[in-house]
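The following note sets out numbered points on the model shown below. Please read each point alongside the structure.

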Amino acid sequence: MNHLSENEFEDIIRQSIPEPEHLSECDRCRKLLAEKKAVANRMRSAFSSIKANKKLVDNITNQISSKEISSRFHQVGILKKIAFKKIVWPAAAAVFLTAAILGIYVVGPSPAMAARAELVKIHRHNLSDAHEFYNESDPEKLAGYFKDKLGFAPSMPALGKGMALRGCCVRHFQGQIVGSYVVDTPQGVMSVVVVTDKPESLGISGKFKYGGRAFYKSSFAKCDMVSTRLDNYSYCAVGEISYEYLTDLLARLMPEKLP
Amino acid sequence: MNKTKDLTKKSSDFEEVAMPHLDTVYRAAIAMCSDIETAEDLTQSTMLKAFERFDTFSKGTNCKAWLLSILRNKWIDMIRHKNIRGQVLPLDENIVADRKPEDEIKYSNCEDLLENFSDEQVIEVLKSLPAEQRFTLFLVDVEQLNHQEAAEIMNIAVGTVKSRTSRARTILKKRLFSHAKKMGFTGGKR
């Protein structure tokens, strides 16, 4: 009797070929195959719970963010060199103008990635036991808190369908004070951060329509984020929740404002 | 300014396409490195290298495989530069030896026997395999890449992937069974 070759075992395990009839006749090969499959399955299950921890994710995203920023500085440096090489003294004014423009650019808004990193940071801060977090589930009390701290009250969610307000927090974001509130949902916890910047300038640039309204999506450090404009503010829903659900939540959070 | 837009798009695309595979990269690093710190370093350097080279990644192709081949190269670099060896870590037998009588392991087949090992123990035994076998087995069994994909990552022939996987799995099985027998698991012979 010709037993199965090692290659045949591999192909059967990977389901590249159907199980040959030989297996029904040969105890040895059947047992070997079962053992090989068991080892493969156990290996897979041994690794299934291993996931990159939050600190590692943050480190990587921060380093990528710095690389992006340093690349931008590098480009500015190159542009300056070119400008100085090609433009002689009579054109010095143009150089100064270029430098001024570049200067504005360099000290201008942080890159989009940094903005999204900050949104995720606010969300994670909200989930930690931060002292600044105002634990309150009553929308009216939250509105009062926001009015007191921000001078206005962002649109509050219409609760139900398993959603509950957890509380809110006021924090710095890109040099401005912004408010955010946390909503517990059946799919997880989300933060809604209310900022004045438009979604595209935050790097949340994947535009799509939902219920006739424009929404924008992006992701950062394992968090998905969806944003929409309302009364000159961008409402950014952030969480480890799918885009679809975040969008639906945003739409349901502002039922009176959305079509 | 166009370059700036390109950079922002690059980071945004990278997050969308590559970052979802971070856990896979981390798992591969765990399989290849002796300790968590080294695995985290390898994961970071892999992802940063991938970001630098993201312009060379063809959209629509297998990003997971692309990242794993970068990881493999980075790991080889680490060994060359830091003299980090593919470790041969013994199974911590005390973990099993300390079992109380009521925890005694009974099994009727191979799957039952393997379930008696903790995830950590299975990974430790995997780490005792030669590096190339270990990585091939990881790609095929854990990440369930097909032989062709694994061959491309390892830069070897498909036939070599099959024979290497088979050999690695056989050694792994023998080592697990041997430990099981040493620990007195009844019926641990084959």
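What should the 16 residues of helix 6 of chain A span at 1.5 Å a residue, and how far apart are its end C-alpha atoms?

1. Span of helix 6. The 16 residues of helix 6 of chain A should span 22 Å, and the end C-alpha atoms are 23 Å apart, which agrees. The expected span is 1.5 Å times one less than the number of residues. Helices here are DSSP runs of H or I with at least four residues, strands are runs of E with at least two, and both are numbered from the N terminus.

2. Basis of the note. The model is predicted: local features need pLDDT of at least 70, side-chain atom pairs count only at pLDDT 80 or more, and totals for chains, interfaces and linings use all residues. Residues are numbered from 1 along each chain as its sequence is written, while chains are lettered from A and ligands numbered from 1 in the order in which they are written.

3. Burial of helix 6. Of the 16 residues of helix 6 of chain A, 12 are buried, and the helix is mostly covered. A residue is buried if 20 or more other C-beta atoms lie within 10 Å of its own, exposed if 12 or fewer, and partly exposed in between, with C-beta atoms placed from the backbone. Among the buried residues of this helix are A:Met113, A:Arg116, A:Glu118, A:Leu119, A:Val120, A:Ile122 and A:His123.

4. The sheet. Chain A holds an open sheet of 8 strands in the order 1-2-3-4-8-7-6-5, with antiparallel pairing. Strand 1 (134-135) and strand 5 stand at the edges with a single partner strand each, so one side of each is left without a neighbour in the sheet. Two strands are taken to pair if DSSP finds at least two bridges between them. Strand 1 of chain A is joined to strand 2 (residues 164-173) of chain A by 2 bridges, and the two run antiparallel; A:Tyr134 stands opposite A:Cys168 in strand 2.

5. Helices on the sheet. Helix 6 of chain A packs on the sheet and touches strands 2, 3, 4, 6, 7 and 8 of chain A; its direction makes about 125° with that of strand 4. Helix 7 (residues 139-150) of chain A also packs on the sheet, touching strand 1, strand 2 and strand 3, and its direction makes about 10° with that of strand 2. Angles run from 0 to 180 degrees between N-to-C directions, and axes are lines fitted to C-alpha atoms, for helices over the stretch in contact.

6. Strand 6 and its neighbours. In strand 6 of chain A, 6 of the 8 residues are buried, so the strand is largely enclosed by the rest of the structure. Strand 5 (residues 206-210) and strand 6 of chain A pair in the antiparallel sense over 5 bridges, with A:Tyr216 as the bridge partner of A:Lys207. These two strands form a hairpin with 2 residues between them, and A:Gly211 in the turn has a positive phi of about 60°. Strand 6 and strand 7 of chain A likewise pair in the antiparallel sense over 5 bridges, and A:Ser227 in strand 7 is the bridge partner of A:Tyr216. The hairpin of strand 6 and strand 7 has 2 residues between the strands, with A:Ala221 in the turn at a positive phi of about 45°.

7. The interface. In total, 39 residues of chain A are in contact with 39 residues of chain B, contact being defined by C-beta atoms, placed from the backbone, within 7 Å. Helix 1 (6-13), helix 3 (27-48), helix 4 (54-86), helix 6 (112-127) and strand 6 (213-220) of chain A each supply at least two residues of the side that touches chain B. That side has 18 nonpolar, 10 polar and 11 charged residues. Ala, Val, Leu, Ile, Met, Phe, Trp, Tyr, Cys and Pro count as nonpolar, Asp, Glu, Lys and Arg as charged, and the others, Gly among them, as polar.

8. Helix 1 of chain A and helix 10 (residues 158-182) of chain B pack at an angle of about 90°, with their axes 9 Å apart. Helix 1 of chain A is therefore roughly perpendicular to helix 10 of chain B, a term that covers 65 to 115 degrees.

9. Chain B. The secondary structure of chain B comes to 10 helices and 0 strands. Of its 190 residues, 41% count as buried.

How values were computed: Contact = placed C-beta atoms within 7 Å. Parallel < 35°, antiparallel > 145°, perpendicular 65-115°, else oblique.
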